[in-house]
Every structure is written in C-alpha cells, then in structure tokens.
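User: Can you walk me through this protein model? Keep it short and plain, please.

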Amino acid sequence: MSHLEIIKEKFTSLKVCVIIPTYNNAGTLGNVIADVAKYTEHIIVVNDGSTDDTQNIIDSFKFVQGVSYPINVGKGWALRKAFKFAVEKGYDYAITIDSDGQHFAKDLPSFIQALETERSAIIIGSRNMDQASIPGKSSFGHKFSNFWFKVETGIDCPDTQSGFRLYPLYLLKNRRFITRKYEFEIEVLVRSAWRGIGIASVPVTVYYAPKEVRISHFRPFQDFTRVSILNTFLVIIAFAYIKPRDFIRTLFNKKKSKQLILGQLLNLNQTDQVKAASIGFGVFMGIIPIWGFQILVAIFLAVLFKLNKMLVVVASNISIPPMIPVIIFLSYRCGGYWIGANNTAVTFNSSISLKLISANLQQYIYGSITLAVIAGASAALLSFILLKLFKRKAITAVELV
C-alpha cells in the first residue's frame, strides 16, 4: 500500500473530513479541491454567498459535499455551518483549509500523524511568519493575537491566526458560538482551551501571492476592531471567572495544589526577590479594601509587573472568611492612629463584621491600606529570608552527599 493510500485510509478510519470555506475565490478553489483530493475525497466545501463561478466549480467535483447559502455572512458562520453538517455526516474531526491557495494540501498528512497522538486537541498549522512575503498586517496581527491568547488562557501558541487547523468535532458539537466572521477562529480557540481541550501545533508551509494579484476579504479596520472587541470580552471573562475558577479547582485537588505551589516556589527561572515580592504583593492585595475584586486586580497587576502569578493569587487568599474578623480588627486599630481622637475603639469579639465598616468607613480605609503595606512588606521580607535559608540547606545537603 502506497503512502497516499495509507493516508486516504486513515482519513476514513479516523472519520476525518476536510472543510474548505470559500467566498469569491473561483480562481483558486478548483486547484485547492484537486490538491486535497489527492489525500482524501472526504471534502466539504462551504459556499459563503459567492457571486462568481464558485458554485459551478463545486458542482464539477462529484465527490464534494457542499453547503451553500445565498448571502455572504462570514468565515466564522461558514465554519459553524460546516461543523454542524460534518457532525451530521458522522465525522469526528475536520481539517479546515483556506480556498485562496495560501495553504498546501501536502501538509495534510502532518495533521493525521499528529491526530494519532492528540485525539482531543485542536491542532493548528503553524506558519513560518519570518518569510519576506508575509504582509506587514499579517505579521502584526499574528503577534497581537498570540499575546492576547496567552493572557486569556495562559497557553503559548505559535500561530493563533492560522486557518489551517484540525478540530475535534465531537468535543465541539454541543457548543454555542456567537461570532460569525474572522474572529470566530479566536473565539473557538480560547473557549476550547477554557474547557480543557488541548491546543497543539504542526509546522505548515504558507504562500502569500504578490500584492497585486492577492485576493483577501479581510477588512483591516472593521475586522481588527471586531477582533479587539472580542478579546476585550474574553480578557474580562478570563480574569473575572476562568482564572479564579481554575485556581479554586486546583486548591481542592491536594496533589495538584501541592505540586503547583512547590513548583512556583522552586521555579528556577525566577529570582528569590521576585518570588518574595510576589508573596508580599499578594498579601497586600488580599487586605486592601476592594472586596470582591482582589484576586481579579491581583492577577492583572501580577501580569503587568511580571510577578509570579500563582504566588500572588495564593498569598492574596489571606482574606479567607476565618481571617476577615482579624483583618477588620487590625485595620481599625491601624486606622485609629490616623484618625486620632475621633477614632472608634474596637475590641476583638463577635461584634466585628462588615456592618462595622460602613459605620466607620474612613478609619477602616486608612487602616486597611496601612495594614496591607505593613503585612505585605513583612511577608515579602520573611519569604525572602525563608527562601534563602531553604536554598542554603538544599545546597548543604547536596554537598554532604
């Protein structure tokens, strides 16, 4: 059996199809379909409201399964319709390839090979973006998209904008998506990562035709604006819900929480100063009077200041319910020094509660900020000393061996 025959058999046995969304690319569509057909005839072409000769080209390939509608909606909508159609036809996986000729069918076997070890991941065809033919706007968009994907998911992905991908349809079939144009490829990637679907990649070849003959339906201003708006919402959701959710899940898993905390403390890529500063900053954020937003703000600032995010989040949980009365009491005591003779005397008893804050707000705010600074600085100093002692003991133990 030849290599091509083996690949064709794997497309069938693994229930993989190739989806080609297209809009007014009659000049290249036929060649793309013919090239893909060398590897498989499990091909679905989505005619996204084309007004050229697209439909006749699709009809000329008798083995092609077509999805068509009269009005152009967008690439995201075309992919969503194709995913639904593919699931109905019994496919478990789909490889998407653009119809403008920038992707090469010869890379399809790379996806099949990767699929055999990555059965529950989106596999992205990673392009070489250092080529001289890469348009400037594509290079910028590539870096911009990769950065925000890392912020939203914590995952390094070499090419979040590549349209050459393999999707595990069986993991996506019950999901509802909201975007319809180019930004769909960001939405599906981020939301899949949030659900625990793996993100993998394989290197692929890419070709950009000369500017004077290149056909692109990407509208720089409109589409970049849509992507930016989507990323804004995704970042908000990530910091307000996803990251706290994942952190809480980790805390309730004893093995994972222990490995995670020790892994961050023993992180050789960060200095003891950064780790100690992260712990001190986390304690500070856990005490300052922004109840309900402490972890969200702490994570954002940890990213901004390049601190150890996990240590910041762990330390910020100093404000857990059993500690709240203690923090309120100490905050009022510290605030009393600023208020002077007008301070409210507070004793540590059952009367300490959040209701007390509203009655003596100024004293509490002054005191909690003061306490946050003192506690944060003390935690940072103590952490630094302990880290140094721990490292010294570890070195001594190694020398004795």
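**Salt bridges and buried residues**

Analyst: Start with Asp159, which forms a salt bridge with Arg127; their closest N and O atoms are 2.6 Å apart. A salt bridge here is a side-chain nitrogen of Lys or Arg within 4 Å of a carboxyl oxygen of Asp or Glu. This is a predicted model: local features need pLDDT of at least 70, side-chain atom pairs count only at pLDDT 80 or more, and totals for chains, interfaces and linings use all residues. Residues are numbered from 1 along each chain as its sequence is written, and side-chain values use heavy atoms, with hydrogens and water left out.

User: Where do Asp159 and Arg127 lie?

Analyst: Asp159 lies in the loop between helix H6 (136–153) and strand E6 (165–168), and Arg127 in the loop between strand E5 (121–126) and H6, so the pair ties together parts that are 32 residues apart in sequence. Helices (H or I, at least four residues) and strands (E, at least two) are DSSP runs, numbered from the N terminus.

User: Are Asp159 and Arg127 buried or exposed?

Analyst: Both Asp159 and Arg127 are buried. Buried means under 20% relative accessible area, exposed over 50%, and partly exposed in between (1.4 Å probe, protein chains only).

User: How many salt bridges are there in the whole structure?

Analyst: The search finds 10. In one of them, Asp98 meets Lys75 at 2.9 Å, N to O. Asp98 sits in the loop between strand E4 (93–96) and helix H5 (108–115), and Lys75 in helix H4 (residues 75–88), 23 residues apart. Both Asp98 and Lys75 are buried.

User: Which residues are in a network with Lys75?

Analyst: Lys75, Asp98 and Glu185 are linked in a network of salt bridges. Glu185 is also one of the buried residues of H8.

User: What about H8, then? How many of its residues are buried?

Analyst: In helix H8 (residues 184–194), 10 of its 11 residues are buried. Among them are Phe184, Ile186, Leu189 and Trp194. Just after H8, Gly196 takes a positive phi of about 95°.

User: New topic. How many aromatic pairs are there?

Analyst: The count is 11. Rings of Phe, Tyr and Trp (its six-membered ring) pair if their centres lie within 6.5 Å; planes under 30 degrees apart count as stacked, over 60 as edge-to-face and the rest as tilted. Phe177 and Phe184 form an edge-to-face pair, 5.3 Å centre to centre, with 80° between the planes.

User: What about the surface? Which residues make the nonpolar patch?

Analyst: Trp338, Leu361, Ile365, Tyr366, Ile369 and Val373 make a nonpolar surface patch of about 580 Å². Patches are made of residues with over 30% relative accessible area and no salt bridge; like charges are joined within 9 Å, nonpolar side chains (Val, Leu, Ile, Met, Phe, Trp, Tyr) within 5 Å. Helix H16 (residues 361–400) gives the most, with 5 residues. Leu361 is partly exposed, at 44% relative accessible area.

User: Last one. How many disulfides does the structure hold?

Analyst: It holds 0 disulfides. A disulfide is a pair of cysteine sulfur atoms within 2.5 Å. Cys17 is buried at 0% relative accessible area, and Cys334 counts as buried at 16%.

Definitions and conventions:
Accessible areas come from the Shrake-Rupley method with a 1.4 Å probe; for residues, only the protein chains shown count as cover.
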